[in-house]
Amino acid sequence: MDIEVKFKLIDFLYLSPEELPYLTKINIPKDVAKDILKDKIEALYNYLESLQKNEKLDETYRLFIACLKRRVTPLRINWDSDAKDDVEENRNDNFNDYSYYNENLSDEEKRTLQEIEKQNNKMWRDREIACHKSVNKLKKYTQDEVNSLMLDYMWQKFPSLQNGFDRKTFYAARNSYYEDMNINWYRYQLPTEVNKKLNIAEEYAKQEIITRFQKMEMEKIEDWTHEYTVWMKQRGMYKFTKASIKTFFETKQLKVSTLTIDAVKANCDN
């Protein structure tokens, strides 16, 4: 499976590091993969639903697929209505429907399952209400405001990004921001206008982080060159190489470009 498709599946299914092995259990057809790369979450939902309904597949696997499908189940929220009233109305339809329980269970076991179901419903209801409120706020923000909110959050909460762009850290920062905004569970089921704002803000934040560090690289070349030569002398090494320069920056936890490494090397050779 293409790595970009895996990234999208992690986003859509909100997979944790412990759940990454799930990716090996799903074989995504090429046509579905193309739609997934276009952020068409309904394509993934439809595919998972077809697997769940396939009686030729192992029952345990079908149950596993059903669990994943629940994470991308389309919301029935009317984003233009009052948050609490709309969620309450849609969630109450099947709230007390326990007909699927095994008839062989005791009354006590059924009551236990009912209580668990009620707690789960409340959890999801609270999540949807919080998400709905955030969506209403995002609708009112300008694109520049959404850009600034996302970038400022990443810059302050994940300061390691100030030492150079790192893809893994960036996506962790982005997911943390969505979680803070209460939209992490519904990121790809939001209104089109909100999704568009978030996509633009995400790209803006990425490019701004890269640009800021590139500017700092240009300004600090001379300082880094001096620090590197001192670092080398302290270790009794006097042959300046790109490999040692790279190691120097790694010890400082800086993710510099090859151009910076080349510039430091050129300064040392002159």
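Residues are numbered from 1 along each chain as its sequence is written, and side-chain values use heavy atoms, with hydrogens and water left out. Because the model is predicted, local features need pLDDT of at least 70 and side-chain atom pairs count only at pLDDT 80 or more, whereas totals for chains, interfaces and linings use all residues.

The structure holds 13 aromatic pairs. Rings of Phe, Tyr and Trp (its six-membered ring) pair if their centres lie within 6.5 Å; planes under 30 degrees apart count as stacked, over 60 as edge-to-face and the rest as tilted. Tyr228 and Phe240 form a tilted pair, with 5.6 Å centre to centre and 55° between the planes. Tyr228 lies in helix 9 (residues 192-234) and Phe240 in the loop between helix 9 and helix 10 (242-251), so this pair ties together parts that are 12 residues apart in sequence. Helices here are DSSP runs (H or I, at least four residues), numbered from the N terminus. Tyr228 is buried, at 0% relative accessible area, whereas Phe240 is partly exposed, at 23%. Buried means under 20% relative accessible area, exposed over 50%, and partly exposed in between (1.4 Å probe, protein chains only). Ring pairs also join Tyr228 and Phe240 with Trp224, Trp231, Phe248 and Phe249 in a cluster.

Two charged side chains are placed over rings. A charge sits over a ring if NZ of Lys or CZ of Arg is within 6 Å of the ring centre and within 35 degrees of the ring normal. Lys25 lies over the face of Phe64, 5.1 Å from the ring centre. The charged end of Arg212 sits over the ring of Trp155, at 4.6 Å from its centre.

Two packed helices are described by the angle between their axes and the distance between the axes. The axes of helix 7 (residues 143-157) and helix 9 come within 8 Å and cross at roughly 50°. Axes are lines fitted to C-alpha atoms, for helices over the stretch in contact, and angles run from 0 to 180 degrees between N-to-C directions. Helix 7 and helix 9 are therefore oblique to each other; angles under 35 degrees count as roughly parallel, over 145 as roughly antiparallel, 65 to 115 as roughly perpendicular and the rest as oblique. The crossing is right-handed, meaning that the near helix is turned clockwise from the far one by less than a right angle. Residues in the contact (heavy atoms within 4.5 Å) include Gln143, Met150 and Trp155 of helix 7, and Lys197, Tyr204 and Arg212 of helix 9.

Thr142 lies in the loop between helix 6 (107-140) and helix 7 and is partly exposed, at 41%. Its C-alpha atom is separated by 8.5 Å from that of Lys197, 55 residues apart along the chain.

Two other loop residues have positive phi values. Phi of Asp39 is near 65°, in a residue other than glycine. Asp39 lies in the loop between helix 2 (30-37) and helix 3 (41-53), and is partly exposed, at 25% relative accessibility. Phi of Asn182 is also near 65°. Asn182 is found in the loop between helix 8 (167-180) and helix 9, where its relative accessibility of 35% counts as partly exposed.

Cys67, in helix 4 (residues 59-71), is exposed at 54% relative accessibility. The C-alpha atoms of Cys67 and Gln52 are separated by 9.7 Å, with the two residues 15 apart along the chain.
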